[in-house]
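Subject: Handover of a structure and summary of findings

Dear colleague,

I am pleased to hand over the structure below. Please look through it first; an account of what was found follows.

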Amino acid sequence: MENYLYFSDGDGADATGDAAMWPASRFIGVDPTSATTTTIYFEGQTGVGDSLDKVVLTHLNSATVLDDQADINGHKAKEIANAVAALLNAHPHGGVMHTVADLTEAVYAAGMPTISALAITIDS
């Protein structure tokens, strides 16, 4: 049995892109796409398009913290990657759905930085 990673954008789960879940085996990687966004990539789940699925997380500027001092910990992508890696390695026998970021219910994986927005793109 396999583990799964779940995301929800805060708009409720009533339309495509509001929420999605991927098998852990489809996880590809994490990329710091700007100072305030990090993208998590998965193999496309529909097989219709040739694009990857992605979840773009919006967070505080990686170069600053709340007091506008330099963030000595680096880009938030590192924190996000560590949180996702911990979930991928949890429950080795599988069968567990792990919430990475659910803005609808305000539930986040341990170690996730504050996420203010989330956008899900399914391969198309």
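In what follows, contact means that heavy atoms lie within 4.5 Å. Please also bear in mind that this is a predicted model.

Overall arrangement

The chain consists of one helix and eight strands. Read from the N terminus, its elements follow the order β-β-β-β-β-α-β-β-β. The chain has 124 residues, of which 36% count as buried. Among the contacts with a separation of 6 or more, 51% are between residues 24 or more positions apart.

The nonpolar core

The largest nonpolar core comprises 21 residues, and Phe7, Val55, Leu57 and Met112 are those with the most contacts inside it. Two or more residues each are given to this core by β1 (4–8), β2 (19–23), β4 (37–42), β5 (53–59), α1 (76–89), β6 (97–102) and β8 (115–121). The element that gives the most is α1, with four residues.

The helix

Helix α1 has 14 residues and reaches 20 Å from its first C-alpha to its last, close to the 20 Å expected at 1.5 Å a residue. Which residues of α1 are buried? They are Lys76, Ala77, Ile80, Ala83, Val84 and Leu87. These residues cover an arc of only 130° around the axis, which puts them on the same side of α1.

The buried residues of α1 pack against β1, β3 (27–32), β4, β5, β6 and β8. On the face of α1 turned away from its buried side are the exposed residues Lys78 and Asn89. Ala86 also has its place in helix α1. Its relative accessibility is 46%, and Ala86 therefore counts as partly exposed. Between Ala86 and Ala109 there are 9.1 Å in space, C-alpha to C-alpha, while the two are 23 residues apart in sequence. After α1 comes His91, which has a positive phi, near 50°.

An open sheet of four strands

Four strands form an open sheet with mixed pairing, in the order β2-β1-β6-β7. Its edge strands are β2 and β7, each of which pairs on one side only. Taking the sheet pair by pair gives the following picture.

- β1 and β2 run antiparallel and are joined by five bridges. Phe7 has Ala20 as its bridge partner in β2.
- β1 and β6 pair in the parallel sense, over five bridges. Tyr4 has Met97 as its bridge partner in β6.
- β6 and β7 (residues 107–108) run antiparallel and are joined by two bridges. Ala101 stands opposite Tyr108 in β7.

The hairpin of β6 and β7 has four residues between the strands, and Ala106 in this hairpin takes a positive phi near 55°.

Aromatic pairs

How many aromatic pairs are there? With ring centres within 6.5 Å as the criterion, the count comes to four. One of them is formed by Phe7 and Phe42, and it is edge-to-face, with 6.0 Å centre to centre and 70° between the planes. Phe7 lies in strand β1 and Phe42 in strand β4, so this pair ties together parts that are 35 residues apart in sequence. Both Phe7 and Phe42 are buried.

Why is the pair of Trp22 and Phe42 stacked? The centres of these two rings are 4.4 Å apart and their planes are at 5°, so the pair counts as stacked, the cut-off for which is planes under 30 degrees apart. This pair, too, links distant parts of the chain, since Trp22 is in strand β2 and Phe42 in strand β4, 20 residues apart. Trp22 is buried, as is Phe42. Ring pairs link Phe7, Trp22, Phe27 and Phe42 into a cluster.

Yours sincerely

Key
Residues numbered from 1 in each chain as written. Predicted model: local features only at pLDDT ≥ 70, side-chain atom pairs only at ≥ 80, totals over all residues. Heavy atoms only, no water. Core = buried A, V, L, I, M, F, W, Y, C linked by side-chain atoms within 4.5 Å. Buried < 20%, exposed > 50% of the residue type's maximum accessible area, 1.4 Å probe, protein only. Expected span 1.5 Å × (residues − 1). Arc of directions from axis to C-beta. Pairing = 2+ DSSP bridges. Phe/Tyr/Trp six-rings, centres within 6.5 Å; stacked < 30°, edge-to-face > 60°.
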